[in-house]
Amino acid sequence: MALRINAENFEEKVLKADKPVLVDFYSDSCIPCKQMAGILGDIEDENEDDIYIYKVNVNYDRELAEKYKVPTVICFVNGEAKGKTVGLKEQEEIEELFEKYV
């Protein structure tokens, strides 16, 4: 299960990470977000040595939500947003966000 992070540790966990990071900006009331949790869990299990996956609850971290225009899943590499997807996606579509960076 992806670790929940917030504005306080976002820079350390995401922007300074030593490998690609998928960040799921989600809301507890968002049905597609809940469906994505299982897909992201599978991706995390299959790629645990290659990427980090974190979750940011946009209801509690509005500053991050506004900065990254979410809810969405964003791939960060070396502190930069390299790709993103919005809405419920298939696992393969999400994997395309990071596979060229691992």
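Mentor: Glutamate 8 is in the loop that runs between strand E1 (3-4) and helix H1 (10-15). Helices (H or I, at least four residues) and strands (E, at least two) are DSSP runs, numbered from the N terminus. With a relative accessibility of 76%, glutamate 8 counts as exposed; the cut-offs are under 20% relative accessible area for buried, over 50% for exposed and partly exposed in between, using a 1.4 Å probe and protein chains only. Its C-alpha atom is separated by 9.5 Å from that of aspartate 61, which is 53 residues apart from it along the chain.

The model is predicted, so local features need pLDDT of at least 70 and side-chain atom pairs count only at pLDDT 80 or more, while totals for chains, interfaces and linings use all residues. Residues are numbered from 1 along each chain as its sequence is written, and side-chain values use heavy atoms, with hydrogens and water left out.

E4 covers residues 72-77, and six of its six residues are buried. In a regular strand the side chains alternate between the two faces of the sheet. Here both faces are covered: Thr72, Ile74 and Phe76 are buried on one side, and Val73, Cys75 and Val77 on the other.

E4 has two strand partners to describe, where pairing requires that DSSP finds at least two bridges between the strands. Strand E2 (residues 21-26) runs antiparallel to E4 and is joined to it by five bridges; in this pairing valine 21 stands opposite phenylalanine 76. Strand E5 (residues 80-85) also pairs with E4 in the antiparallel sense, over five bridges, and there phenylalanine 76 stands opposite alanine 81. The hairpin of E4 and E5 has two residues between the strands, and asparagine 78 takes a positive phi near 50° in it.

What does phenylalanine 76 touch, not counting residues up to four places away in sequence? Its contacts (heavy atoms within 4.5 Å) are Phe10, Val14, Leu15, Pro20, Val21, Val23, Phe25, Tyr68 and Ala81. Phe76 is also one of the residues that touch the most other members in the largest nonpolar core, along with Phe10, Val14, Val23, Phe25 and Tyr68; this core has 16 residues. H1, E2, strand E3 (52-57), helix H3 (62-68) and E4 each supply at least two residues of it. Apart from it lies another core of 14 residues, which includes Leu40, Ile53, Val73 and Cys75. A nonpolar core here is a set of buried Ala, Val, Leu, Ile, Met, Phe, Trp, Tyr and Cys residues joined through side-chain atoms within 4.5 Å.

The rings come next. Rings of Phe, Tyr and Trp (its six-membered ring) pair if their centres lie within 6.5 Å; planes under 30 degrees apart count as stacked, over 60 as edge-to-face and the rest as tilted. The count by this rule comes to six aromatic pairs. Phenylalanine 10 and phenylalanine 76 make an edge-to-face pair, because their ring centres are 5.7 Å apart and their planes are at 85°. Another pair, tyrosine 52 with tyrosine 54, is stacked, at 6.0 Å centre to centre and 20° between the planes. Tyrosine 52 is partly exposed at 25%, whereas tyrosine 54 is buried at 8%. Ring pairs also link Phe10, Phe25, Tyr68 and Phe76 into a cluster.

The charged end of lysine 19 sits over the ring of tyrosine 52, 4.5 Å from its centre; the rule is NZ of Lys or CZ of Arg within 6 Å of the ring centre and within 35 degrees of the ring normal.

The structure holds zero disulfides (a disulfide being a pair of cysteine sulfur atoms within 2.5 Å). For cysteine 75, the nearest cysteine sulfur is that of cysteine 33, 18 Å away. Cysteine 33 is buried, with a relative accessible area of 9%.
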